[in-house]
Amino acid sequence: MNQDPPYVPIRLRQPPAVSRWAERAIEALIRLCGVSAMIFVVAIFVFIGREGLGFLVENFLGMMSSVDWNPTYEPPSFGIVALLIGTFWCVGLSLLFSVPIGLGAAVYLSEFASPRAREVLKVVVEMLAAIPSVVWGFIGVMILNPFLQALGAQVGLNGLNGAIILALMTLPLLVSLGEDALRAVPDSYRQAAVAMGATRWETIRYVLLPAARRGMLVAVLLGVGRAVGETMAVLMATGHAVNVPTGLFDPVRTLTATVAAELGEAVRGGEHYRALFALGLLLLGITFVVNLIADLAMRGRRT
Amino acid sequence: MRLVLVTGVVLALAACGRSDDVVLQVKGSDTMVNLMQGMSEAYAKVEPKVIVAVTGGGTGTGVKSIIDRTADLAMASRPMKAPEIEAARRNGVEPHEIVIAYDGLAVYIHRDNPLRQISFEKLRCIYAADGGCQRWSDLGVSLDCGGDDTIIKVGRQNNSGTYEYFREEVLGRGGKFTNTMDQSGTQQVVDVVSTSRCAIGYGGMGYQTDVVRFVCLSRHEGEPCVEPSLEAVAAGKYPFARPLQVYTDGPPQGHVAAFVDWMLSEAGQRIVLESGFVPVPKAPAGTATGADADAAPADEAAPVEGATPAAEEGQP
C-alpha cells in the first residue's frame, strides 16, 4: 500500500504527447457538444431569418391588417390576422382545460397521493407525453369529431376539437412541472401551516400555491409554448379553415398548420414560400418570447 | 433544348453508371403521380433501357422544374399560367403542352342531403367570398343538422391544382373563395363530408362511398345536368372535367417523344383508365378539350421515329 503512490505519477507521465493531444481533442469535442445547442439555435434563426425576414419586414403591415390569406391568387394577399387569432383561440381554449386539470393533478400528486399511487400516475402521465402528435390528430378526427357532433356541432373538426387535443398534449408538461414546483416547497411550510391549525385546503390555498406560484407559471408558459408550436394534431383536428371564430364549434386554422399544409407545394424562393418562412419566423419569435418569460420567471423563483 | 436533353442524359449516365440506360425525369402534380408511376412501370417493360423517374410535389413544383430544366417532363393538372410561361421564355425554355388524360371533378354531398342537382352559379354562390349562400335553405334545400342548416364548405388547400381548377371554373378569373375547410386531399374532403350532413365538397371522381353522393352538375341554372361518369367526361358532356397535361421544353424529341407517344397510345391510355382518369379521345384530337385552347400539340407530338414499335409492343 505504501508503495502505491510513487507508481501513480510515473504511470501518468508515461504515455506522452499522443495522449495529451487525445485529451485535448476529446475536451474540445465535449465543449463542442456543450455549445452545439447554441449553434443550432443561432443557425435556425439565421436560416429561417434569411428566407423569411425580408418578406416579414416588407409586408408586415399588410400581413397584420388583413384576414385574407390567399397566397396563390394574383395578386396574392398574405393577411394572417385570422391565422393568428386561430392559433391563440386554440391555445387559449386549451388552457381553460389544461390549467385546472393539470395543476389540480399536480396538487393531488404532490399532496394527497400515496407514494405508490404517485409512482403509477407519474408513469401514466409520462406515457401520455410519449404519444406522437399524429396519433393525437387521429384521436381528434376519429373520436372527438363524432363526439362533438353529438354535442350539437355541425362539423366535429373545429377549434374546440383542436383545443381539447392541445390540452391533452400539454397536460403531461403541466402535471410534472407543477408537481415539481409544489414539491420544491420546503416541508417546514406545511408543518408550520398545520401547527397553526390550518386545514388541508387552507394549507394548499394559502401556503403552498402562493409559494409555488412562479413554478406553476413556468409550467403554464412552457405549456403555451408547446401548444403554439404544435402542428400535426391541430392540422388534423381544427378543420383548417381560414376563419375568425365566433363560436366554439367554428373551424379555425393555425399558423403552424398553414406552413405544414402549404410548404410542400410552394415554389422554392417564390413569394408564397417566403411568406411561409415569414410565418415560421413569427412562430419562432412567439415561442422564443414565451420561453424567455418562463425562463425569467424560473430565475425569479430561485432568488 | 436538345442540349438540355443531352445534358440530362449525360447526368443520368454519370449517376447510374450503366452506359446504355436513359433516365427521364418527370416531376409535378400530385394528382398525376400515381398515373405517371403506372405509366413508368409499364413503359419499363416496353423500353427497358429507358427509366422514367417520377417525383410529385405539385403542379407548381413541376412547372418550376421545367423552367429550371431540372426535369424532362412536367406534370400539370392545370395549364401553365402566363407569368410562368414568361419565366420559362426568359430562361430560354419554350413550354410545349401535351394533354395525356382528363380528370373529372365531382361535387360531393352527404347521402342524407336531398340536393340532386346544382349549377355552377349555385356553386359559386356557396363557395365565393361574395356568394351569399350560407344556409341550405338559401338554395331551397331543407336539411337539418341539429337545429341549424349552415352549409359546411369543404375545399382543398390553396396550392393544389384541384383548388385552382375549381376556382377558375366556378368562381371565375380572380374570384375569391370564402372560408372553406381546406383539406390536403380528396380523401379527406370526402371524410369530412361523410361525417357532416350539412357539408359540401369537391374533388376527383374516384372517391364515392356509401355515405357520400355525387351531385348532378350543369354549367347554368335551368340547363339539364350531367352525372359525373367516365363516359360523360370522355364524351365532353360533363362540365367539370379538366385536362391533365405534361410539358416539355419545345416539341418532344428522342426518348421523350417516344415516351409521350406511348402514353397516348392504346396501351398508355389503358393505364389512364385503370388509374381512375379519363382517356384522351382518339381520332380527332382536341375536340373534347373545350376549356383548353392549346390542346392541338397532342397530335403534333405523334409522328416521331421509334414511337410505333414501342406502342405495339405495349399491347399484350
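How much area is buried between chain A and chain B, and what percentage of it do carbon and sulfur atoms give? The structure is a predicted model, in which local features need pLDDT of at least 70 and side-chain atom pairs count only at pLDDT 80 or more, while totals for chains, interfaces and linings use all residues. Residues are numbered from 1 along each chain as its sequence is written, chains are lettered from A and ligands numbered from 1 in the order in which they are written, and side-chain values use heavy atoms, with hydrogens and water left out.

The size of an interface is often given as the accessible area lost when the parts come together. Between chain A and chain B the buried area (the accessible area, with a 1.4 Å probe, that two parts lose on being put together, summed over both) is about 2300 Å², and carbon and sulfur atoms give 43% of it. On the side of chain A, 27 residues are in contact (heavy atoms within 4.5 Å) with 33 residues of chain B.

Across this interface 2 salt bridges are found, a salt bridge being a side-chain nitrogen of Lys or Arg within 4 Å of a carboxyl oxygen of Asp or Glu. The side chains of A:Asp68 and B:Lys176 form a salt bridge with an N to O distance of 3.2 Å. The side of chain A that touches chain B receives at least two residues from each of strand E1 (69–70), helix H5 (133–150) and helix H11 (255–262) of chain A. Helices (H or I, at least four residues) and strands (E, at least two) are DSSP runs, numbered from the N terminus.

In chain B, helix H6 (residues 161–171) is mostly covered, with 10 of its 11 residues buried; buried means under 20% relative accessible area, exposed over 50%, and partly exposed in between (1.4 Å probe, protein chains only). Among the buried residues of H6(B) are B:Tyr163, B:Phe166 and B:Leu171. The buried residues of H6(B) pack against E1 of chain A, and also against several elements of chain B, including E4, E6 and E8. B:Gly172, which follows H6(B), has a positive phi near 85°.

Strand E8 (residues 199–204) of chain B is mostly covered as well, with 6 of its 6 residues buried. Strands pair if DSSP finds at least two bridges between them. E8(B) runs antiparallel to strand E4 (residues 95–110) of chain B, to which 5 bridges join it, and pairs in the parallel sense with strand E6 (residues 152–156) of chain B over 2 bridges. B:Ile200 in E8(B) is the bridge partner of B:Ile109 and stands opposite B:Lys153.
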